[in-house]
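Let us take a friendly walk through this structure together. Please keep the sequence and the 3D view at hand as you read.

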Amino acid sequence: MNYWRFRLRVYRSALYQLLDSIKQISFGLVALFPLAMPALVLIPLLALNVLADPNADNPLYFSTLWGYLLFAYSWVAMQRDGITAHHYRLYDLSLPITQRTRQLTELGITLYAANLLVLGPFLLLCFMLTQHTEEIFSQPLSVTSIQLMPIFGLTLLTGYYCLRAVQQKLPWLSLLVMPVIGLYFADVVAKFYWLGIWLAAIVIERYTPINRLSLGDFPNGIWRFYLQADVSQAKQNLIRYVAIILLLIIADICTQSVKPTVQPYVGNFFSFVFGILLATKLLDILRLRKTYQFYLAYTPASHILQLCYGLIYCLLYTSLALLLLVLFAVFDSQQWIFLAIFYLSAQMGILTLSKYYLVLPICSPIILWLIL
């Protein structure tokens with residue numbers, strides 16, 4: 001077995017474990033929508049239709065670009081251990097392999113892990129260059145740059161974030177802070193300037209040191225127990241919050257694309273999806289309590305009080321997602337009420353019906369309609 005086959009086998013083994021964890025986390029979504037997981041594969045391909053169009057609306061282009069880059073970075077970052085052969089690091093370093101060969105192999109595994117997310121924009125750019133060669137050389141350079149700039153910028157940024165995902169540093173400014181602020185200015189800034197701002201944010205974050213935050217002595221007790229469990233399962237929390245942000249972007253695009261008369265129904269549907277997705281955090285808490293039930297039995301808090309702490313922590317955990325919902329402004333007052341109803345009914349279902357917890361949130365709007 002050569003070195004490439006060894007690294008590829010290590011990556012595939014880690015990928016199978018990752019896919020199993022994704023299935024466990026998204027059990028509620030798959031149970032509700034059996035075709036949801038295969039449809040997720042088509043979302044990046046559909047996004048290319050918007051990102052390659054120079055005439056697309058600026059807000060739609062900005063939201064789609066952010067979602068595509070976030071999805072690409074997160075997908076590769078979740079496979080970091082398999083790409084770098086982290087669990088076989090000592091054995092890997094003992095092999096008679098040069099550093100250059102190791103780096104080229106890691107680059108090949110990274111491109112293999114990113115697959116269509118990188119190849120899609122690159123192949124589309126090559127297709128546009130080969131099919132419209134005469135038009136490119138016959139028209140002015142300014143016109144050509146405007147037409148090719150969206151897809152060229154997407155190819156460049158996607159490649160950068162896929163390579164960046166293998167490293168340990170999080171692109172906090174260019175992929176989190178700047179896009180959230182940019183939501184308020186997406187309609188007044190042109191695509192060319194947005195790409196320039198994105199590159200400037202990348203340069204700033206690369207040369208700006210960021211220090212790790214320490215919990216210190218706060219919080220204490222069972223709160224620290226829950227928080228430490230989330231810190232140790234950072235990959236699963238990353239999957240959940242990436243899913244929330246991607247759903248927010250999809251909801252924002254859908255509400256902008258449909259007619260005003262249809263927007264309330266779209267908002268009601270997404271309030272149902274978000275209510276269930278946020279409530280499933282309680283499944284992790286209950287699973288954690290079951291694993292450490294003997295330890296929790298010796299704590300001074302009673303069983304009911306510990307359960308109340310879990311519900312409060314679940315609400316605090318989802319507060320960031322609720323803040324993102326406020327920033328995106330995709331829900332009106334009625335849909336916020338529906339979101340609260342679906343969230344509470346899903347939690348009641350998790351506590352009472354266990355595996356069939358989706359029955360209560362599905363029946364809750366029917367019961368509410370009958371009462372009203």
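Gln-79 sits in the loop between H4 and H5. The model is a predicted one. With a relative accessible area of 3%, Gln-79 is buried. Apart from neighbours within four places in sequence, Gln-79 touches Tyr-11, Leu-15, Leu-18 and Ala-113.

## The chain as a whole

Stepping back, the protein chain has 21 helices and 0 strands. Of its 372 residues, 42% are buried. Among contacts in the chain with a separation of 6 or more, 77% are between residues 24 or more positions apart.

One of the helices is H4, covering residues 58–77, and Ser-63 is found in that helix. Is Ser-63 buried or exposed? Ser-63 counts as buried because its relative accessibility is 5%, and the cut-off for buried is under 20%. Setting aside neighbours within four places in sequence, the contacts of Ser-63 are Leu-183, Ile-249, Asp-252 and Ile-253.

## Salt bridges

How many salt bridges does the count come to? The count comes to 6. Here are three of them, with the N to O distance for each.

| Glu-106 | Arg-7 | 3.5 Å |

Begin with the salt bridge between Glu-106 and Arg-7. This pair joins distant parts of the chain, with Glu-106 in helix H7 (residues 99–114) and Arg-7 in helix H1 (residues 3–25), 99 residues apart. Glu-106 and Arg-7 are both buried.

Asp-284 counts as buried because its relative accessibility is 15%, whereas Arg-287, with a relative accessible area of 47%, is partly exposed.

## Where two helices meet

Two packed helices are described by the angle between their axes and the distance between the axes. For helix H15 (residues 263–279) and helix H20 (residues 333–352), the axes come within 8 Å and cross at roughly 35 degrees. This crossing of H15 and H20 is right-handed.

Which residues of H15 and H20 meet? On the H15 side they are Gln-263, Pro-264, Gly-267, Asn-268, Ser-271, Phe-272, Phe-274, Gly-275, Leu-278 and Ala-279. On the H20 side they are Gln-335, Phe-338, Leu-339, Phe-342, Tyr-343, Ala-346, Gln-347 and Ile-350. The residues in this contact of H15 with H20 comprise 11 nonpolar, 7 polar and no charged.

## Two alanines with positive phi

Most residues other than glycine have a negative phi. Ala-85 has a positive phi, near 55 degrees, and Ala-329 also has a positive phi, of about 55 degrees. Ala-85 is placed in the loop between helix H5 (80–84) and H6, while Ala-329 is in the loop between helix H19 (319–328) and H20. Ala-85 is buried, as its relative accessible area is 0%. Ala-329, by contrast, is exposed, with a relative accessible area of 59%.

## Cysteines

How many disulfides does a search of the whole structure find? The search finds 0. Cys-308 counts as partly exposed because its relative accessibility is 35%, and Cys-363 is likewise partly exposed, with a relative accessible area of 32%.

Conventions: Residues numbered from 1 in each chain as written. Predicted model: local features only at pLDDT ≥ 70, side-chain atom pairs only at ≥ 80, totals over all residues. Heavy atoms only, no water. Axes fitted to C-alpha atoms, helices over the stretch in contact; angles between N-to-C directions. Helix = DSSP H or I, 4+ residues; strand = E, 2+ residues; numbered from the N terminus. Left-handed = near helix turned anticlockwise from the far one by under 90°. Contact = heavy atoms within 4.5 Å. Nonpolar A, V, L, I, M, F, W, Y, C, P; charged D, E, K, R; others polar. Salt bridge = Lys/Arg side-chain N within 4 Å of Asp/Glu carboxyl O. Buried < 20%, exposed > 50% of the residue type's maximum accessible area, 1.4 Å probe, protein only. Disulfide = S-S within 2.5 Å.
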